[in-house]
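Please keep the sequence and the 3D view at hand while reading the points below.

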Amino acid sequence: MLRNFALLIATALTIFAAIVMGWPDAQGLMPWVLPSLAIAALVVIPVLVPSLVRGWLQSPLGKHGHITTASLIAFSVILIYAHYSGFDIVFSQWFNSLKWDALGAVGQILIAILAVWVAWRQNEISETLTKQQNAITQQQTIDTYFQGVSDLVLDPQGLLEDWPLERAIAQARTSAILGGADPEGRSKIIRFLSSANLLTPLKRDGLLGRAILDGTGGYVVDLAQGVRVVNLGMMLAGKDVSYTDLRGVDLSGANLLRSNLQGCDFTGANLAGTILAQANLRTANMNKVRLFYGDLATTSPRDRNHPPNFETGAYTGAVVEEADFTNVKDLSEENRCYIAAWGGKKTRRTLTEGANDVENRLGR
């Protein structure tokens with residue numbers, strides 16, 4: 001109430017001040033103009049000054065008043081120094097001697113440069129938006145793939161269906177989506193398939209080909225005779241999966257020839273029988289990775305001409321010839337010895353811990 005009353009009084013005083021300023025001038029009483037201005041100032045200034053002060057204090061300049069004051073003082077000092085040193089006169093003479101035609105050409109060049117910069121920024125923003133849209137579209141595609149594969153391998157009772165035609169369709173879908181995804185998208189797909197046991201060789205019932213339950217909520221794994229729901233084969237050969245999370249995945253038997261696996265986290269992954277020839281595994285995390293089955297003394301890399309023996313480990317190991325293991329992390333001593341024994345000269349040179357204490361069983 002008091003605030004509204006004060007606002008009403010301030011409005012009335014402002015109107016009165018305007019009349020005081022305008023009346024002498026309208027009546028031709030010029031000697032009364034200055035006294036009228038003084039009276040108007042006495043009325044208006046008390047009304048305006050508090051609001052102006054509050055606005056100043058709330059503004060960025062007012063909130064940093066010490067910086068503003070220091071800047072004004074510095075600017076004043078520069079102007080005073082320029083005046084007493086004669087620099088202002090020299091500057092005026094130089095300014096008047098400028099050839100404005102030439103400066104106009106320079107200005108046009110600067111405008112052209114500015115236009116190029118603006119176009120570059122617009123293109124950069126457009127590329128960023130395109131990447132974001134592509135990421136959203138890819139995630140939607142991957143989600144659709146997950147749902148499609150789930151529908152293929154699950155029947156209404158929730159048991160794993162695995163007819164040959166369904167496996168063929170699942171593999172075709174997987175091959176298509178892995179070919180068009182980026183590294184992170186590929187790693188999501190691999191983690192999904194591996195977590196769902198779709199990459200693991202499962203034991204079949206011998207009649208309908210259904211996977212056999214192990215009685216503990218999982219499926220019986222059959223390394224020697226089992227059939228995978230999705231066989232990756234060469235789907236990842238030469239592909240980029242660098243700097244992605246592949247912890248615990250089952251890539252056993254997959255062909256990763258010349259794949260870029262740099263910086264990947266393979267903690268707990270199964271790479272037994274995986275073709276890693278000429279693959280880039282620089283700085284990858286190899287903690288608790290399985291590269292072979294059986295004993296180190298009797299194991300050997302997979303061979304298409306010989307069936308694997310999972311008891312002795314013969315022909316169950318990963319093919320690591322010409323692979324790059326530079327600066328891999330947490331490589332166990334057993335895996336180091338296997339890589340040194342079966343990697344060949346080129347691979348042996350990439351082992352940070354060295355390989356001179358291990359016989360080169362590959363012979364080349």
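The lining of the second largest pocket consists, by class, of 6 nonpolar, 4 polar and 5 charged residues. This pocket belongs to a predicted model, and its volume is about 350 Å³. Of the 15 residues that line the second largest pocket, Asn255, Ile275, Arg302, Arg304 and Val319 are the closest to its centre. The points that follow place this pocket among the other features of the protein.

**Overall architecture**

- The protein contains 10 helices and 0 strands.
- Along the sequence, the pattern reads α-α-α-α-α-α-α-α-α-α.
- The protein has 364 residues, and 33% of them count as buried.

**The largest pocket**

- The largest pocket holds about 500 Å³ of space.
- Its lining is made of 26 residues, and those nearest the centre are Leu223, Arg228, Gly253, Pro308 and Phe310.
- By class, the lining of the largest pocket divides into 12 nonpolar, 9 polar and 5 charged residues.

**The cavity**

- The structure has 1 cavity of 30 Å³ or more.
- The space in the largest cavity amounts to about 50 Å³.
- Among the residues that line the largest cavity are Leu199, Arg228, Val230, Asp250 and Gly253.
- The lining of the largest cavity comprises 5 nonpolar, 4 polar and 2 charged residues.
- Arg228 and Gly253 line the largest cavity, and both are also listed with the residues nearest the centre of the largest pocket.

- Leu114, Trp117, Val118 and Trp120 together make a nonpolar surface patch of about 430 Å².
- Arg121 and Glu124 form a salt bridge, in which the closest N and O atoms are 2.2 Å apart.
- Both partners lie in helix α6 and are 3 residues apart, which is about one turn of the helix.
- Glu124 is partly exposed, with a relative accessible area of 28%.
- Arg121 is also partly exposed, and its relative accessible area is 32%.

**Other salt bridges**

- The count of salt bridges comes to 6.
- Glu184 forms a salt bridge with Arg191, and here the closest N and O atoms are 4.0 Å apart.
- Glu184 counts as partly exposed at 34% relative accessibility, and Arg191 is partly exposed at 24%.
- Asp324 and Arg282 meet through their side chains in a salt bridge of 2.7 Å, N to O.
- This pair links distant parts of the chain, for Asp324 and Arg282 both lie in the loop between α8 and α9 but are 42 residues apart.
- Is Asp324 buried or partly exposed? Asp324 counts as buried because its relative accessibility is 17%, and buried means under 20%.
- Glu333, Arg336 and Asp357 are linked in a network of salt bridges.

- Asn260 and Leu236 are 24 residues apart in sequence, and their C-alpha atoms are 9.5 Å apart in space.
- Most residues other than glycine have a negative phi.
- Arg258 has a phi near 60 degrees, a positive value in a residue other than glycine, and it lies in the loop between α8 and α9.
- Thr283 likewise has a positive phi, near 60 degrees, and is a residue other than glycine.
- The place of Thr283 is in the loop between α8 and α9, where Thr283 counts as partly exposed at 28% relative accessibility.

How values were computed:
Residues numbered from 1 in each chain as written. Predicted model: local features only at pLDDT ≥ 70, side-chain atom pairs only at ≥ 80, totals over all residues. Heavy atoms only, no water. Patch = residues over 30% accessible without salt bridge, like charges linked within 9 Å, V, L, I, M, F, W, Y side chains within 5 Å. Areas by Shrake-Rupley, 256 points an atom, 1.4 Å probe, with all protein chains shown as cover. 1 Å grid on protein atoms, 1.4 Å probe; cavity = no way out; pocket = protein on both sides within 12 Å on 5 of 7 lines; lining within 4 Å. Points joined across faces, edges and corners; volume = space filled by probe spheres on them. Nonpolar A, V, L, I, M, F, W, Y, C, P; charged D, E, K, R; others polar. Helix = DSSP H or I, 4+ residues; strand = E, 2+ residues; numbered from the N terminus. Buried < 20%, exposed > 50% of the residue type's maximum accessible area, 1.4 Å probe, protein only.
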